[in-house]
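Visitor: I'd like to know what the labels on this model really mean. Can we go through them one at a time?

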Amino acid sequence: MFSWVKQEQGGRNKDGEMYQTVTEGLQSLYLKKLLPLEETYLFHDFHSPALEAADFQSKPMVLLVGQYSTGKTTFIRYLLEQDFPGMRIGPEPTTDGFIAVMYGENEGVVPGNALVVDPKKPFRKLNAFGNSFLNRFICSQMPNQVLQSISIIDTPGILSGEKQRISRGYDFAEVLRWFGERVDRIILLFDAHKLDISDEFSEAIRAFKGQDDKIRVVLNKADQVDTQQLMRVYGALMWSLGKVINTPEVVRVYLGSFWAKPLQNSENRRLFEAESQDLFKDIQSLPRNAALRKLNDLIKRARLAKVHAYIISYLKKEMPSLFGREKKKEELIARLPEIYCILQREHHISPGDFPNVAKMQDMLQHYDFSKFPSLKMKLVESVDKMLATKIAALMSMIRDEESKAPPAMVSGGAFEGSQDGPFGRGYGEGISAGADAEDWIVSREKHRYDEIFYMLTPINGKITGVNAKKEMMNSRLPNTVLGKIWKLADCDHDGMLDDEEFALAQHLIKVKLEGYELPAVLPEHLVPPSHRKDPAADAMYNHSED
């Protein structure tokens with residue numbers, strides 16, 4: 001059955017188990033430790049289908065969710081910088097199904113029914129949602145550099161108003177929950193002009209309960225409002241999200257306009273560029289964190305499987321041997337919240353590890369409790385041992401793998417557009433200003449800095465640290481920052497500043513006050529002319545030596 005667990009030559013741990021990679025280790029632990037517990041206590045019927053090889057070996061996936069016309073498909077087109085098969089864009093609900101945009105040597109579309117029988121794709125368990133869903137699920141394959149590192153899942157536009165009452169023919173929220181458990185990042189898209197969260201959208205967000213660390217929010221089309229309106233829109237969005245995402249932490253929201261067209265309102269251009277680069281960095285980091293994410297998801301799954309085993313075995317223990325089974329079953333289902341509390345105290349389990357009570361009560365109606373298995377402590381102890389020791393070993397393997405061969409970051413498409421060259425983030429700004437200028441940029445303001453310098457009574461052309469400190473303290477910057485500026489400006493490390501070094505210190509203070517970061521090492525273009533190494537003199541010196 002699970003022939004995907006490799007038996008190759010490799011490193012052997014103290015139990016004789018061979019793990020060549022973290023992925024192989026996760027597969028092996030799941031098969032030998034966690035899967036027996038899941039199968040014994042019907043975990044797959046109640047919660048999530050069994051994991052397969054493709055679930056461990058697949059590329060990181062990004063799931064896009066949002067109401068119709070919020071720019072989900074356009075966002076994918078923006079990242080890839082090319083159209084993908086099956087793409088449709090419009091103001092009406094154009095995407096009426098799920099589209100998995102993945103890498104393929106040949107461009108084309110694979111229909112859902114063919115997709116769920118492909119063992120190389122992580123979608124086989126989606127066949128449980130039936131033909132109504134599979135007829136609206138396709139895989140769009142294309143040779144694109146971005147897709148060599150990640151896969152992107154486009155979803156149908158979530159409906160609002162009267163439209164949301166129309167049945168889709170399949171459990172939309174359950175499909176989203178299935179994807180949410182397996183993807184690496186969930187991006188919720190909002191339109192600056194459509195902030196209302198419909199009932200269907202609210203249900204969709206609740207389907208991601210327990211996956212809060214994966215969720216990011218994008219406020220798209222933010223260039224269509226001015227600064228004052230944007231502040232109000234942002235506040236309204238946070239208020240709306242606060243009612244749906246019940247966590248004390250604030251969700252990270254990225255503002256911007258994610259399409260390759262001119263900004264309608266450019267007064268926040270710098271903000272949008274910074275936000276888009278932050279979002280790109282977050283997406284680019286997914287391949288590097290993929291193994292860690294899979295490890296984290298396996299831990300969450302193991303904890304839930306343990307709790308499920310305790311619940312099922314407790315219900316079995318409470319059932320009478322002969323008479324009154326149906327009545328006792330109804331009583332136990334009604335007492336399920338109380339049973340949760342009993343198990344919490346008995347096994348020292350956190351309340352957050354228990355499944356939803358109402359959903360569990362509904363599913364238990366269809367089972368005969370007397371056929372449930374009793375608690376087998378060996379299975380539970382095996383999972384406990386896995387969590388306590390073997391997971392820690394895989395954690396160290398992750399660090400070793402990253403140090404030997406760091407995973408490549410997402411590249412190509414929009415990720416290449418502005419990293420280098422004059423349109424890169426921060427180019428010509430802050431500490432980088434003047435990098436490509438012929439003159440020393442500090443000299444443009446040096447006449448003003450010289451006036452201050454000569455008022456500080458220099459001795460032999462230099463001022464002491466005491467005098468410099470008095471002037472530099474006027475900036476009101478913390479001593480830690482001023483200390484760093486002093487180290488950068490004191491180029492000859494003599495504990496004093498000449499006129500050029502003092503001008504440089506004032507320039508660095510100005511850069512910091514404008515909100516930019518200071519460098520760890522002074523860039524070449526900021527080194528004062530009198531302190532620069534003269535390449536011509538070096539050449540003459542070397543020639544005379546010869």
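Predicted model: local features only at pLDDT ≥ 70, side-chain atom pairs only at ≥ 80, totals over all residues.

Visitor: What makes a space a cavity rather than a pocket?

Guide: On a 1 Å grid over the protein atoms alone, a 1.4 Å probe fits in a cavity but cannot get out, whereas a pocket is an open set with protein on both sides within 12 Å along at least five of seven lines; lining residues have an atom within 4 Å of a point. By this rule there are two cavities of 30 Å³ or more. Around the second largest cavity sit Met319, Arg325, Glu326, Lys329, Tyr367, Asp368 and Phe369, which makes three nonpolar, no polar and four charged.

Visitor: Which helix gives the most to the lining of the largest pocket?

Guide: That's H11, with eight residues. The pocket itself has about 1400 Å³ of space and 43 lining residues, with Arg177, Glu181, Lys209, Gln211 and Leu304 nearest its centre. By class, the lining has 18 nonpolar, eight polar and 17 charged residues. (Helices are DSSP runs of H or I, at least four residues, numbered from the N terminus.)

Visitor: Why are H1 and H15 called roughly antiparallel?

Guide: Helix H1 (residues 22-40) and helix H15 (residues 377-404) pack at about 165°, their axes 10 Å apart. Under 35 degrees is roughly parallel, over 145 roughly antiparallel, 65 to 115 roughly perpendicular, and the rest oblique. H1 and H15 are therefore roughly antiparallel to each other. The contact of H1 with H15 has 14 nonpolar, three polar and three charged residues.

Visitor: What makes H17 and H20 roughly perpendicular?

Guide: The axes of helix H17 (residues 446-455) and helix H20 (residues 499-513) come within 9 Å and cross at roughly 110°. H17 and H20 are therefore roughly perpendicular to each other. Their contact (heavy atoms within 4.5 Å) has five nonpolar, two polar and five charged residues. Among the residues that meet are Tyr449 and Phe453 in H17 and Phe502 and His507 in H20.

Visitor: And why is H18 oblique to H19?

Guide: Helix H18 (residues 465-472) and helix H19 (residues 479-489) have axes that come within 12 Å and cross at roughly 130°. That makes H18 oblique to H19. Gly465, Ala468 and Met472 in H18 meet Leu482, Ile485 and Trp486 in H19. This contact divides into five nonpolar, one polar and no charged residues.

Key
Residues numbered from 1 in each chain as written. Heavy atoms only, no water. Axes fitted to C-alpha atoms, helices over the stretch in contact; angles between N-to-C directions. Helix = DSSP H or I, 4+ residues; strand = E, 2+ residues; numbered from the N terminus. Nonpolar A, V, L, I, M, F, W, Y, C, P; charged D, E, K, R; others polar. Points joined across faces, edges and corners; volume = space filled by probe spheres on them.
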